[in-house]
Amino acid sequence: MKILIINCGSSSIKASIIDHQSGERSGDLKVQRLGEEGCTLEINGKSEALTATNHQDALAIAIPKLLENFEGELAAVGHRVVHGGEQFQKPTIIDDEVEKVIESLFKVAPLHNPPNLAGIRAAKKLLSCPHIAVFDTAFHSTLPKRAKTYAIDTEIANDLGLRRYGFHGVSHAYVSKVAAAHMESDRRDLRIITCHLGNGCSVAAVEYGRSIETSMGMTPLEGLVMGTRSGDIDPGIILELFRSGKTVDEVDEILNRRSGLSGLSGIGNDLRDIEERASEGDENCRLAIQVFAHRVRKYIGAYAAAMGGVDAIVFTAGIGENSVMMRHRIAQRLDFLGAVFWEDHNRDVSLSAENPVAEISTRNSRCRLLVVKTDEEKQIAIESAKLVLEMNTTKGDLEIPVAVSARHVHLTQETVEALFGEGYQLTERNPLSQPNQFACNETVSIVGPKRTLENVRILGPTRPKNQVEISRTDEFFLGIDAPVRASGDVDNSPGCTLIGTDGRRIELKQGVICAWRHIHMQPEDAEKFGVQDRDVVEIAIQSNGRKLTFGDVLVRVKSSYKLEMHIDTDEGNAAELARGGAQGVLVNVEGLASMRTRLTKHDQV
Ligand code: ADP
């Protein structure tokens with residue numbers, strides 16, 4: 001899908017046409033010094049003078065020029081919007097209502113949201129495809145209350161909406177995902193600290209896929225030392241500045257534009273120049289580098305503590321991707337976190353679209369140190385495309401067949417032989433809906449402390465572990481306390497006795513579970529529903545009996561599966577499911593991180 005990404009700053013506009021899967025660009029434009037003398041437009045590398053004073057005029061000239069050489073079809077326009085406030089926690093189609101809310105956030109993001117909205121309004125006049133807002137604050141909407149609350153008078157904080165939002169979310173989301181893929185892992189199994197070090201700088205603690213702490217706060221002024229922004233300072237300093245007679249605008253100017261690397265070095269905000277001067281002995285530039293690196297190290301230590309450990313530390317953006325010296329200063333002596341820095345690799349880092357990740361930790365480093373090329377436009381394209389897919393999916397496509405799994409057992413070949421004799425092979429009675437699975441002619445009796453359940457069907461083929469799946473009602477009947485588990489997760493579950501048809505018995509030490517209700521699906525289904533393996537979702541059952549919505553439904557994705565939701569007899573009865581089953585509809589994807597982490601990877605369900 002080709003998406004046009006538009007990113008409007010106060011005096012600049014950037015736009016690219018991007019393929020959401022490959023990240024490939026089929027056109028780029030840049031407007032610089034908008035509203036100033038010498039405004040330029042650069043299209044696909046070629047620069048020209050531009051006579052425009054505002055976003056609407058600039059886009060009206062630039063967009064048709066960009067599209068002149070583009071032959072495909074635009075599926076959507078994705079707009080970067082810096083502040084989404086409390087209202088927007090995911091990408092959103094921009095209608096008049098949404099525009100009004102973005103406008104209402106001008107007071108908390110006076111530098112960013114006004115040009116963002118100007119760009120949206122101008123682009124909507126030019127292009128009729130869906131316009132989607134992707135918010136920089138959205139990835140941090142998962143911050144727990146303790147992280148987003150400032151310890152000031154609650155009433156005042158509530159009245160003025162003083163709370164931490166966090167920014168650079170698009171970049172933190174993207175690089176944490178790329179880092180996890182590089183580690184051949186899932187972000188939901190990792191604790192990652194992402195350091196976005198550009199002109200604006202922020203750190204995020206991404207715990208099992210969710211941002212739980214970040215250094216920027218209610219505004220992008222808090223946290224790290226930046227190009228021209230101070231980051232953290234004693235709030236008393238602000239009072240002191242006012243007492244010295246400065247106005248609000250002057251204090252704003254000092255903290256946002258005359259501080260950070262620029263304020264410390266006295267020579268501007270470009271780290272390349274500061275590094276050069278520091279190497280020539282300039283004390284102010286040396287101090288600027290030391291203060292910058294010290295602050296990042298402090299945050300890394302704090303975020304490792306907040307997550308109880310860290311599996312990867314990622315450096316990204318202009319400074320993070322390019323400054324060998326700054327990475328060296330930040331990443332040395334992190335051995336206590338299990339992160340062992342490798343200087344040679346650090347010196348050799350050279351990122352490109354083909355090689356977007358470099359390792360700068362030693363092979364035995366438990367915590368990986370990675371440099372990742374950020375691509376915020378691609379992340380906006382991915383998120384916009386996902387929303388377009390959701391919009392294009394009709395209701396019927398989103399239905400999931402629901403089936404009731406009666407009590408059954410899966411056995412190892414060893415158990416089959418113990419129950420039916422040496423060398424015995426299970427025989428197929430009928431195939432099941434999941435490919436290569438079948439119900440056997442053979443049955444067993446399950447013996448619990450209280451009673452026995454007879455004629456329980458064995459399902460084939462044999463598996464590496466015994467598993468006895470019963471309902472809550474069966475549990476009470478048998479007198480066994482079975483935990484709710486995903487299939488395959490039988491460690492430390494209770495055991496039982498099984499009896500074969502000719503009276504042979506076997507004691508199982510473990511294996512009795514109550515199956516966690518789940519949906520089998522293929523990767524294509526997962527993309528359509530916008531979910532991933534091990535997500536926990538909510539499904540509304542549309543039976544002719546009693547409508548029922550099940551929370552806590554586990555998603556299992558594998559190419560060999562067929563789309564189907566499985567519930568047990570108790571659950572089926574509660575929904576008065578007809579014999580032929582019913583349809584379910586996905587209503588919500590929950591972020592139950594703790595459940596996801598408890599669940600390890602199993603080969604089969
Ligand atoms: P923005 O936040 O504006 O997107 P960038 O991510 O482009 O900023 O980062 C800009 C910063 O990266 C500047 O401070 C620049 O000095 C720094 N930078 C870029 N290349 C290098 C380099 N090779 N060495 C040191 N610093 C670099």
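Tutor: We may begin with the conventions. This is a predicted model, in which local features need pLDDT of at least 70, side-chain atom pairs count only at pLDDT 80 or more, and totals for chains, interfaces and linings use all residues. Residues are numbered from 1 along each chain as its sequence is written, and side-chain values use heavy atoms, with hydrogens and water left out.

Student: How many salt bridges are there between domain 1 and domain 2?

Tutor: By an automatic or database domain assignment, domain 1 spans 2-135 and domain 2 spans 172-374. A salt bridge requires a side-chain nitrogen of Lys or Arg within 4 Å of a carboxyl oxygen of Asp or Glu. Between domain 1 and domain 2 the count is zero.

Student: What area is buried between domain 1 and domain 2?

Tutor: Buried area is the accessible area (1.4 Å probe) that two parts lose on being put together, summed over both. Carbon and sulfur atoms give 61% of the area between domain 1 and domain 2, and the total is about 290 Å².

Student: Which three residues supply 82% of the area that domain 1 buries against domain 2?

Tutor: No other three residues of domain 1 supply more of this area. They are Val 108, Leu 111 and His 112.

Student: How much of the ligand's accessible area does the protein cover?

Tutor: A backbone N or O atom of Gly 318 lies 2.8 Å from an oxygen atom of the ligand, and one of Asn 199 lies 3.0 Å from a ligand oxygen. By the Shrake-Rupley method with a 1.4 Å probe, the ligand on its own has 580 Å² of accessible area, and the protein covers 69%.

Note on methods:
Polar contact = N/O pair within 3.5 Å; in protein donor to acceptor, adjacent residues only side chain to side chain.
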